[in-house]
Amino acid sequence: MDELNEIEKEFDSQLLEIKDEKKLEDVRIAFLGKKGKITNSMSKIREIAVEKRKEFGQKINLIKSKIENSLSSLKEKLENEIIQRKIANEKPIDITLPVKSSTGSLHPRTTLQKEIEDVFVSMGFSIEDGYEVETEFNNFDAVNVPKSHPARDMQDTFWLDNGQLLKTQTSAAQNRILRKYNGTLKAIFPGRCFRNEALDHSHENTFFQIEGMLVDHNVSVANLIYFMKKMLSEVFKTDINIRLRPGFFPFVEPGFEMDATCTFCKGKGCPTCKNSGWLELCPCGMIHPNVFRLAGLDPNVYSGFAFGLGFDRLVMLKTGLDDIRYLNSGNLKVLSQFGVKA
């Protein structure tokens, strides 16, 4: 027991000498390390008489706890002192001062989104918001993708513990917006989407889309072509031709893949468009009757079109970036080349 009392006194003495984290770590190792004084004493319990082992064990555990608690409290105190010294030495910042006009710029994605929104607003569309955390019903069932549908396997979904999910497509907002207007509407809804993708130059697990819908009486594919052609021509400041190819998407019938004239070669053919003269742009089509029914609308009364614009791909076309990962990288050396002053 005398040995334990000496260890405790020695620790109390050394504790007063600790002024920095290095000294604190040295003391911790000296007493609690693999070859420390407490560890060494605990290994001697078997050598003590049986009737004294309990008392010895209780005593050494009390001293060990005291050392651990003292060192932990002192470590927290030293860390706070470091923080306070850094704060005291920092140059004060006046947050009321005006921001220098040369500082900062808009992300190229933000710039293009504003351009696209302005074009659609000029054509009578409203801008709607969507949720990033969605219900399974809105993300899948409401857009004609029930649990048994194979299209669900194409979307590597991030599921949450509460049964909700990170939306895999901006189409997740369709049902909510259809119910909001409950009839004719012209709306676009930009948003961030999430899929568990393998990352490469053309795939990201976090990406942006712009969804659009027009619902009225007697809407046709011709209306879809007109609005998309108008938007692209305004964004790229030149006449853009588009074409439709048959494509399957559960929430539209008929469905199409929309291609636009390659902006790099003007339709002549180049490596970017694989010498076809066309670039794949977005899925689109006439809204499926089931989507109307699930939103409480009569497909015999209403018709409309929907499109899901691969917004990041459009950003890449406009900026000439050849890797989608740049858009989320925060790489100012790359992104600042395309930024517009805020």
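Q: How do you know that the span of helix 2 (residues 21–32) agrees with its twelve residues?
A: The expected span is 1.5 Å times one less than the number of residues. For helix 2 that gives 16 Å, and its end C-alpha atoms are 16 Å apart, so the two agree. Helices here are DSSP runs of H or I with at least four residues, strands are runs of E with at least two, and both are numbered from the N terminus.

Q: Which residues of helix 2 are buried, and what puts them on the same side?
A: They are L24, V27 and F31. They cover an arc of only 65° around the axis, so they lie on the same side of helix 2. The arc is taken from the directions from the helix axis to the C-beta atoms. An α-helix has 3.6 residues a turn, so residues three or four places apart point the same way.

Q: What covers these buried residues of helix 2?
A: The cover includes helix 1 (2–15), helix 3 (37–42) and helix 4 (50–89).

Q: Why is T261 called buried?
A: Buried means under 20% relative accessible area, exposed over 50%, partly exposed in between (1.4 Å probe, protein chains only). T261 has 16%, so T261 is buried. T261 is found in strand 7 (residues 252–261). Beyond its neighbours within four places in sequence, its contacts (heavy atoms within 4.5 Å) are I240, N241, K266, G267, G277 and W278.

Q: What is the mean pLDDT of the protein chain?
A: It is 85, and 95% of the residues reach 70 or more. pLDDT is the predictor's confidence in each residue, from 0 to 100. This is a predicted model: local features need pLDDT of at least 70, side-chain atom pairs count only at 80 or more, and totals for chains, interfaces and linings use all residues. Residues are numbered from 1 along each chain as its sequence is written, and side-chain values use heavy atoms, leaving out hydrogens and water.
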